[in-house]
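Opening the notebook on a new model today. I'll jot down what I look up as I go.

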Amino acid sequence: MRAFVGFGTTSLRLVSRGDALYWGWIGVLLLLVASGMLAYVDQFRVGLAVTAMRDPVSWAFYIGNFTFMVGVAAAAVVLVIPAYVYDWKPIREVVIIGELLAVSAILICLLFVLVDIGRPERFWHVLPVIGYLNFPRSVMAWDVIVLNLYLLINLIVVTHVLFSTFRGRHYSMRLVLPLVLLSIPMAIGIHTVTAFLYTGMAARPYWNASILAPQFLASAFSSGPAILLIVLQLLRRFTAFEIRDEAIQKIAELMAYAIFLNLFFHGAEVFKEYYSNTEHSLYTRYWFEGIGAHRTLVPYAWAAVGLQALALVLFVVPALRRHPVMLNVGAMATYAGGYIEKGMGLIIPGFTPDTLGAIYEYSPTIHELRVAAGVFAVGFLVFTFLLRVAVPILLGQERLAGSSHPMESQRPWTRA
């Protein structure tokens, strides 16, 4: 108990100290959180009328962001599989960073669902015992369960690893290995269930495709690691954290396969829609061409395709992905392309035209943008604090007073 209290107080001390750059970053995030909270208070008081969501487009920017961040959370699998299934040491040394990112991403997902609910005070209706979750009939109930289980698994793993290292002891592989192996199907499950939320709607032809779930996974396994590539390079630049070039290059290589698959699945779906040329292709045409004068989403569509095609070229050519500038350009293009694809390209064309054939051109309001920025800021704030605690402990710079130093094999993160 004394050790856990020490772990808690040390964590608080670590997040409350930092240089000007650290506090500048925290200050920006807090400003965004405050702005988002004020906008959300207004939305709570007035209702969803402050958003651009209406009956024809009842899911929009919030749910698009939720879907994208579920994919980011699932990206930890890209590290877990080579690290624990194939026992590849360079990746194993950084897999905990992916799990910290997963925790932050799931938190963002849950917050986006919360802000999308028009009457959040009625949330208790879905809570088991006092409400009715409608499990297993409701796909949403499955989504709630797998998201929370995935969050719990990652929280247990990172807390156990950090707490053990803080006490100068080996973490228990008998505990960690089954959990990280369980996290693989869970990560695939969270994005598959999210895809099934859309696929199951037979009245929405744009989503009613069996290819949607694998398409989601391909997008997730490219967009999520894109953030990790940037974070790992920042850690290597500003800390003594040992991150080998092989690990970064392997992640980039895996991303290249995922980007290719994502574009291939998109191409297959576009071929089916355009070649068959049924009335169901109207939604795909609205995304890529617009309908008449209604072309609001067309620039987004081609930007998403262009960015991912650029990322594929940069990652598939070994000489390009080994170049630091090209690597970061590719990571940012992957992230931006995936974000546009999920944020604007998944939800809105599915609702447009509506079931009566009318076209309501949705575009997020300032309120929605402020709330979304605030939610992302909360996630980045949590991720920053987690890194702020994890890195010094993993480097052996912070530990329980009187504890012995861990063996070298237990702390492979320190740069020589």
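This is a predicted model: local features need pLDDT of at least 70, side-chain atom pairs count only at pLDDT 80 or more; totals for chains, interfaces and linings use all residues.

How many positive and negative side chains does the protein have, and how far apart do the centres of the two sets lie? I get 29 positive and 23 negative side chains, with 10 Å between the two centres.

**Entry: overall build**

I looked up secondary structure and found 16 helices and zero strands. The C-alpha atoms fill a box of roughly 70 × 55 × 45 Å along the principal axes. I then checked the radius of gyration: a compact globule of 416 residues would have one near 22 Å, and the protein has 22 Å, so the two agree.

For burial, 52% of the 416 residues count as buried. The accessible surface comes to about 18,900 Å², and carbon and sulfur atoms account for 70% of that. I also looked at contacts between residues at least 6 apart in sequence: 76% of them join residues at least 24 apart.

H6 covers residues 95-116. Its 22 residues at 1.5 Å each should span 32 Å, and the end C-alpha atoms are 32 Å apart, which agrees. Is H6 enclosed or open? I count 17 of its 22 residues as buried, so H6 is largely enclosed by the rest of the structure.

**Entry: the Asn with positive phi just after H10**

Just after H10 I ran into Asn277, which takes a positive phi of about 55° although it is not a glycine. Asn277 is in the loop between H10 and H11. Its relative accessible area is 48%, so I put Asn277 down as partly exposed.

**Entry: the loop between H6 and H7**

Which residue in this loop has a positive phi without being a glycine? It's Asn134, with a phi of about 60°, in the loop between H6 and H7. At 26% relative accessibility, Asn134 counts as partly exposed.

That loop also holds Pro136. The peptide bond joining Phe135 and Pro136 is cis, with omega about 10°.

**Entry: another cis peptide**

I noted a cis bond from Thr352 to Pro353, omega near 0°. Pro353 is in the loop between H15 (348-351) and H16 (366-394).

**Entry: Gly290**

Where does Gly290 lie? I found Gly290 in the loop between H11 (282-288) and H12 (298-316). Buried or exposed? Gly290 has a relative accessible area of 12%, and the cut-off for buried is under 20%, so Gly290 is buried. Leaving aside neighbours within four places in sequence, Gly290 is in contact with Arg285, Arg295 and Val298.

I also took a distance to Asp245, which is 45 residues from Gly290 along the chain. Their C-alpha atoms are separated by 44 Å.

**Entry: Gln233**

Last one for today. Gln233 sits in helix H9, residues 212-238. Its relative accessible area is 17%, so Gln233 too is under the 20% cut-off and counts as buried. Which residues does Gln233 contact, leaving aside its neighbours within four places in sequence? I get Ile248, Leu327 and Asn328.

Definitions and conventions
Residues are numbered from 1 along each chain as its sequence is written. Side-chain values use heavy atoms; hydrogens and water are left out. Helices (H or I, at least four residues) and strands (E, at least two) are DSSP runs, numbered from the N terminus. The radius of gyration is taken over C-alpha atoms; the globule rule is 2.2 Å times the number of residues to the power 0.38. Buried means under 20% relative accessible area, exposed over 50%, partly exposed in between (1.4 Å probe, protein chains only). Contact means heavy atoms within 4.5 Å. Accessible areas come from the Shrake-Rupley method with a 1.4 Å probe; for residues, only the protein chains shown count as cover. Lys and Arg count as positive and Asp and Glu as negative; His and the chain ends are not counted. The place of a charge is taken as NZ of Lys, CZ of Arg, CG of Asp or CD of Glu. The expected span of a helix is 1.5 Å times one less than its number of residues.
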